[in-house]
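Here's a friendly walk through one protein model. Have a look at it first, then read on.

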Amino acid sequence: MKDDDDDYELIPFSVVKAEALKNPEVAAAYAALKLHKQMVAQLKETRQRESLTQEDIARRTGLKKQNISRLESGAVSPTLNTLSRYAVALGGTFDFRKLS
C-alpha cells in the first residue's frame, strides 16, 4: 500500500516478523520469550485454579503483590529465580524438556 504523501510502502507485520526470524539470534530470543510467557501463564492458571490471590503468592514468595501483578500481566520480565520462587509457592517446579 502506498500513501500519496509518502515515498515508502507499508509492509505487514507478519512479513517483517518472518524476515526477522530468519536471523538465528532473533529466532532464539523469540523462542525464549514465548517460553517465558508460557511459564508465566502456567503459574497464573495454577494460582487461579488453586483459588489463591496474588497477595497469597506475594506472602509465600516474599515478593510484593504489585510485582506479582506486573509479572502476570507481562509488564516485567522476571528472572528465572523469581519464576522458580513462584512455582515453589504453588507447590511445583519447572522441569527441562527438550523440544522436538
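## Helices α4 and α5

Helix α4 (residues 65-73) packs against helix α5 (residues 80-89) at an angle of about 105°, and their axes lie 12 Å apart. That makes α4 roughly perpendicular to α5 (the label covers angles of 65 to 115 degrees). Axes here are lines fitted to C-alpha atoms, for helices over the stretch in contact, with angles running from 0 to 180 degrees between N-to-C directions.

Who touches whom? On the α4 side you'll find I68, L71 and E72, which meet T82, L83 and Y86 in α5 (contact means heavy atoms within 4.5 Å). Sorted by class, this contact has four nonpolar, one polar and one charged residues. Ala, Val, Leu, Ile, Met, Phe, Trp, Tyr, Cys and Pro count as nonpolar, Asp, Glu, Lys and Arg as charged, and the others, Gly among them, as polar.

This is a predicted model: local features need pLDDT of at least 70, side-chain atom pairs count only at pLDDT 80 or more, and totals for chains, interfaces and linings use all residues. Residues are numbered from 1 along each chain as its sequence is written, and side-chain values use heavy atoms, leaving out hydrogens and water.

## Helices α3 and α5

Helix α3 (residues 54-61) also packs with α5, at an angle of about 110° and with the axes 9 Å apart. The two are therefore roughly perpendicular to each other. I57, R60 and T61 of α3 make the contact with R85, Y86 and A89 of α5. By class, that's three nonpolar, one polar and two charged residues.

## The whole chain

Zooming out, the protein chain has five helices and zero strands (DSSP runs, H or I of at least four residues for helices and E of at least two for strands, numbered from the N terminus). Its C-alpha trace spans about 55 × 35 × 20 Å along the principal axes.

Technical notes:
Parallel < 35°, antiparallel > 145°, perpendicular 65-115°, else oblique.
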